[in-house]
Amino acid sequence: MAPPPVIRLHPEDSVVIARATLLPGAPVGDNVRATQRIPAGHKVAVRAISRGEAIRRYGQVIGFASDGIAPGQHVHVHNCEMGDFAKDYAYGVDARPTDFFEPAATFQGICRPDGKVATRNYIGILTSVNCSAHVAGVVADMFRRNPFTGDDPLADFPNVDGVVALTHKTGCGMTQDEPLRVLRRTLAGYARHPNFSHVIVLGLGCEVNQIGGLMEEQRLAGRLKAMDIQTVGGSRKTVAAGVAFVKDILAESNNVTRVAVPASELTVALQCGGSDGYSGVSANPALGAASDLLVRHGGTVILSETPETYGAEHLLTRRAVSQEVGEKLVGLMRWWEDYTRQEGAEMNANPSPGNKAGGLTTILEKSLGAMAKAGSTNLVDVVRYAEEVKARGFVFMDTPGYDPVAATGQVAGGANLVCFTTGRGSVFGCKPAPSIKLATNTPMFKHIEDDMDVNCGTILDGDETVQQAGQRIFDLILRVASGERTKSEQFDFGAAEFAPWVLGATM
């Protein structure tokens, strides 16, 4: 039997979601029919909503009617707007003991000498400043596999996943306080990342972000091979030195063996980008079900994108293991309110044109769908951008909503795998961590199948439950962590997406 034409998420909702494009006259509720064309993934009212009245989806407030809305009418940016409402933070009232699996699931990981476990085995080239970016790229290109011609300079080193240069646009012309600390914390997180066997850091020599200062502040002595262009004697000599170093350590890097390790060694970054009206119905809750499974096996998931949690944070504070943890999250929301106010912006500026075309209307609606990626387990900690994640379980990291910047912070914090949901079709990789792409709907999955790993549109199609899709995602997480390559890896995505959060003025 075909699924109904609309999706109702909660009995108290005043809107439902169009499963496919609805034409005028299509049934949308009890004795209610669409009065106009409703695009796929968009909202339609199932009862009269007065001007100023709260509009509900997921049983939660997603906005307020800017005009009276009749049953069967399209509900979107033209008649739904932001508004303030009371939130009950109720710290910890929904926190529950985690029901752990015994024995835990396992995957084939790479054990490092410091006790950390890798899912990939790269050699990394970091840059202290943008001025050394080209040189770093030239070194990495000398060892780059060509996915089109099959040319492979690393053919004799099958256990090395690649040599990758992660460059950025800053490192100088910046103040020496918080912006510099954030950059150094990010670079240090990558320098320590278990998915790198060895790391070079290349500098120019005269930049604000001096390599010596980076290594001293972040205690990186002994972890990095450091060189700067001015000391070595120019670009060509630095490229030669970098290439020689990589050649010297390739055999050592290749000398690894994958062994069975518990799933508790996995830290998964939860991301969404190019979201649509289905994100909070299919892919995000399915990823949430997989997140719950990983946490119950002792692993860690990191939810981020603070502006895309705004308006839904009261649902997470209820799951906090302590009032202190919950108050950290609320403090982040107040910081972002002040930050956007200082920049002459507002929190509701977040939904992108693509988000809105896909059916999302306000940041409140987007946040409620986005937080579903984190499942239902306790919120055990809240950390700063790129800060090392030490707790196991569900952790929140402060990041912007922009996907590359957010994912960069999560990987710096220790994520050794990324799960990325998308409704519009975001293409994304995140070296050195493999990135699994989850599509929210079947038409988009089929349209760009070369970039998508999982189709969660099966939930909308009535072929699979959220829990079944979550189990399928969890099983894929274990296989990818064991070495199975994702679509983004097959297309060599992941170097250009490295994007540390840039704070403050450029001087």
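1. In strand β20, Val395 is the bridge partner of Asp381; strands here are DSSP runs of E with at least two residues, helices runs of H or I with at least four, both numbered from the N terminus. β19 and β20 (residues 394-397) run parallel and are joined by four bridges, where pairing requires at least two DSSP bridges between two strands.

2. The model is predicted, so local features need pLDDT of at least 70 and side-chain atom pairs count only at pLDDT 80 or more, while totals for chains, interfaces and linings use all residues. Residues are numbered from 1 along each chain as its sequence is written, and side-chain values use heavy atoms, leaving out hydrogens and water.

3. β19 and β20 belong to an open sheet of seven strands with parallel pairing, in the order β19-β20-β18-β17-β21-β22-β23. Its edge strands, each pairing on one side only, are β19 (379-383) and β23 (454-455).

4. Helix α2 (residues 178-191) has 14 residues, which at 1.5 Å a residue should span 20 Å, in agreement with the 20 Å between its end C-alpha atoms; the expected span is 1.5 Å times one less than the number of residues. Because 12 of the 14 residues of α2 are buried, the helix is largely enclosed by the rest of the structure (buried means under 20% relative accessible area, with a 1.4 Å probe and protein chains only). Among the buried residues are Arg184, Arg185 and Tyr190.

5. The buried residues of α2 pack against β12 (122-127), β13 (162-166), β14 (196-203), α3 (211-217) and α11, contact meaning heavy atoms within 4.5 Å.

Technical notes
Buried means under 20% relative accessible area, exposed over 50%, partly exposed in between (1.4 Å probe, protein chains only).
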